[in-house]
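Dear colleague,

I am passing on the structure we talked about, together with some notes on what came out of it. Please have it open while you read.

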Amino acid sequence: MSGNRPVLRSLPRAGALVAAVAYGVVIRPRLLAWGATRAEAAGEWPGDELIARYDGQSTMATTLPAPPDAVWPWLVQMGCNRAGWYSFDRLDNAGRPSAERIVDRWQDLKEGQRLEAVPEGGAWFTAALVEPERTLVLRMSLELPSGHPFDARFGPLSGAYTDAVWGFHLRRTAQGGTRLVVRTRGQSRPRPLTRPLDLLLWEPVHLLMQLRQFRNLRTRVSAGPQSRADVATAR
């Protein structure tokens, strides 16, 4: 019996190794392509060129029961101190409920405009590409560990940073709905530190937040034409 003890002691390690391999080879690729077809996941999307040398990428998709011209107004008004992000408001909007109406004041989004990522305005997305009713690409570039934003056109001031795009791509379906494909792509340094965070934190969090956003967008567009609201009445 004593001869079996080394084998028994090695079983947990072997099980952990098998689980890690299974996650990396089978589970993780599916999570990073949740809802997307093979063609959508493998395809090139506008905004990819902004992070040409990327470390990580995901492509998630859903079909919404409304045409692109009805989905676009909800996307273009996103942002803290605007309509919110339609996800877990306690996590990404300081507990403020995301808008349930289309707000005229927030519809005229221009390339280069900042969309605050946190209510206090210390970090933001930049609208990198805006093609009405078709493509919205947001970009966030932060130095680490300070979280200070930098202009990606000129690069970070230090060797520790993260630079990523979050792209929303709308394509009309044959049934008159919208295929919404969301592509993220990013680069970060130093990789020995940022890669574990990507695997253990940011990828799972993004999946949960993105699926929540899909669900809430579907609820809003499914309700049919929404009465437009001004800032005073928007939630």
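This is a predicted model: local features need pLDDT of at least 70, side-chain atom pairs count only at pLDDT 80 or more; totals for chains, interfaces and linings use all residues.

Residues are numbered from 1 along each chain as its sequence is written, and side-chain values use heavy atoms, with hydrogens and water left out.

T135 lies in strand β5; helices (H or I, at least four residues) and strands (E, at least two) are DSSP runs, numbered from the N terminus. With a relative accessibility of 2%, T135 counts as buried, whereas P46 is partly exposed at 31%; buried means under 20% relative accessible area, exposed over 50%, and partly exposed in between, for a 1.4 Å probe and protein chains only. P46 sits in the loop between α2 (38-42) and β1 (56-64), and although 89 residues separate P46 from T135 in sequence, their C-alpha atoms are 7.4 Å apart.

Turning to the sheet, it is open and has 6 strands in the order β1-β7-β6-β5-β4-β3, with antiparallel pairing, where two strands pair if DSSP finds at least two bridges between them. At its edges stand β1 and β3 (114-116), each with a single partner strand, so one side of each has no neighbour in the sheet. From one strand to the next the twist averages 20°, with axes fitted as lines to C-alpha atoms (for helices over the stretch in contact) and angles running from 0 to 180 degrees between N-to-C directions. The antiparallel pairing of β5 and β6 extends over 9 bridges, and V137 has G167 in β6 as its bridge partner.

Helix α3 (68-76) lies across β1, β4, β5, β6 and β7, running at about 155° to β6, while α5 packs on the sheet by touching β1, β6 and β7, and its direction makes about 10° with that of β1.

Finally, the largest nonpolar core has 37 residues, and those with the most contacts inside it are L75, M78, F125, L136, L138, F168 and L180; such a core is a set of buried Ala, Val, Leu, Ile, Met, Phe, Trp, Tyr and Cys residues joined through side-chain atoms within 4.5 Å. α3 gives the most to this core, with 5 residues.

With best regards

Terms used:
Contact means heavy atoms within 4.5 Å.
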